[in-house]
Amino acid sequence: ERAEVKELLKEKLCEMNLKGELPDVITFAGNGEPTLHPDFADIIDDTIELRNTYAPEARVAVLSNSTMLHKAKVVEALKKVDDNILKLDSAIISTIEIMNIPGKNFNFDSMIDHLISFEGKLTIQTMFLKGSFNGKDFDNTSDNEIYAWLELLKKIKPQKIMIYTIARDTPLSTLQKVSLEELTRIASLVKENIGIDTIVSE
């Protein structure tokens, strides 16, 4: 519940304050999509209030899969935080459907419009991966995929871009990790085509 989140965060920040070990960032992530919480917008307001009181130098960040951007209150809340880290794993709908398995109400074009509405105040995070799932092959590192993704990035105009691949074994042996060399090549294409430095994580 919202009240419990606020109380626990207050306790932790007070404890860290007493130790002189304040956080650099307060991040909403973990097991599940944070913007699904019915009180997400209010929790963000509480967090900013507590941050301003107990750890004014800390940033507030949200890691989101971008699926709730059709909700005005979610977008409004995300625009208040310091670091919006929003997912875009492909510019091609069929690849999104394989990689992300979105719900039946998912609308790709609407999601892109909402990402554009941030007017650059966001970070785009993309996972590069290849293999097969449910009998369907995919590879979002292909030239076709990369250049379509770059064209969308030009429209979204993010402040930062983060790219990565799977970091550990998955239950599916059909998924392949992308090499650091390949990720670095993709990052260089972003720099050449859009002029944005890209953070690469293995």
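Helix α1 meets helix α2 through R2, V5, K6, L9, K10, L13, C14 and N17 on the α1 side. On the α2 side the partners are D42, I43, D46, T47, E49, L50, R51 and Y54. Contact here means heavy atoms within 4.5 Å. By class, this contact holds seven nonpolar, two polar and seven charged residues. Nonpolar covers Ala, Val, Leu, Ile, Met, Phe, Trp, Tyr, Cys and Pro; charged covers Asp, Glu, Lys and Arg; the others, Gly among them, are polar.

This is a predicted model: local features need pLDDT of at least 70, side-chain atom pairs count only at pLDDT 80 or more, and totals for chains, interfaces and linings use all residues. Residues are numbered from 1 along each chain as its sequence is written, and side-chain values use heavy atoms, with hydrogens and water left out.

**Two helix pairs**

Helix α1 spans residues 2–19, and helix α2 spans residues 40–54. Their angle is about 20°, so α1 and α2 are roughly parallel to each other. Their crossing is right-handed. That term applies if the near helix is turned clockwise from the far one by less than a right angle; anticlockwise is left-handed.

Helix α5 covers residues 108–116, and helix α6 covers residues 143–156. These two are oblique to each other. F108, I112, L115 and I116 in α5 touch L152, K155 and I156 in α6. The residues of this contact divide into six nonpolar, no polar and one charged.

| Pair | Angle | Axis separation |
|---|---|---|
| α1 and α2 | about 20° | 10 Å |
| α5 and α6 | about 45° | 8 Å |

Axes are lines fitted to C-alpha atoms, for helices over the stretch in contact, and angles run from 0 to 180 degrees between N-to-C directions. Under 35 degrees counts as roughly parallel, over 145 as roughly antiparallel, 65 to 115 as roughly perpendicular, and the rest as oblique.

**The whole chain**

The protein chain has seven helices and nine strands. Both are DSSP runs, numbered from the N terminus: helices are H or I with at least four residues, strands are E with at least two. The C-alpha atoms fill a box of roughly 50 × 35 × 35 Å along the principal axes.

Of the 202 residues, 42% count as buried. Buried means under 20% relative accessible area, exposed over 50%, and partly exposed in between (1.4 Å probe, protein chains only). Among contacts with a separation of 6 or more, 69% join residues 24 or more positions apart.

I199 sits in strand β9, residues 198–200. I199 is partly exposed, at a relative accessible area of 41%. Leaving out residues up to four places away in sequence, I199 touches I161, M162 and I163. D39 lies 160 residues from I199 along the chain, and their C-alpha atoms are separated by 31 Å.

S66 belongs to the loop between β2 (59–64) and α3 (72–78). Phi of S66 is near 70°, a positive value in a residue other than glycine. S66 counts as buried because its relative accessibility is 2%.

N134 lies in the loop between β5 (129–133) and β6 (136–139). N134 is not glycine, yet its phi is positive, near 55°. At 67% relative accessibility, N134 counts as exposed.
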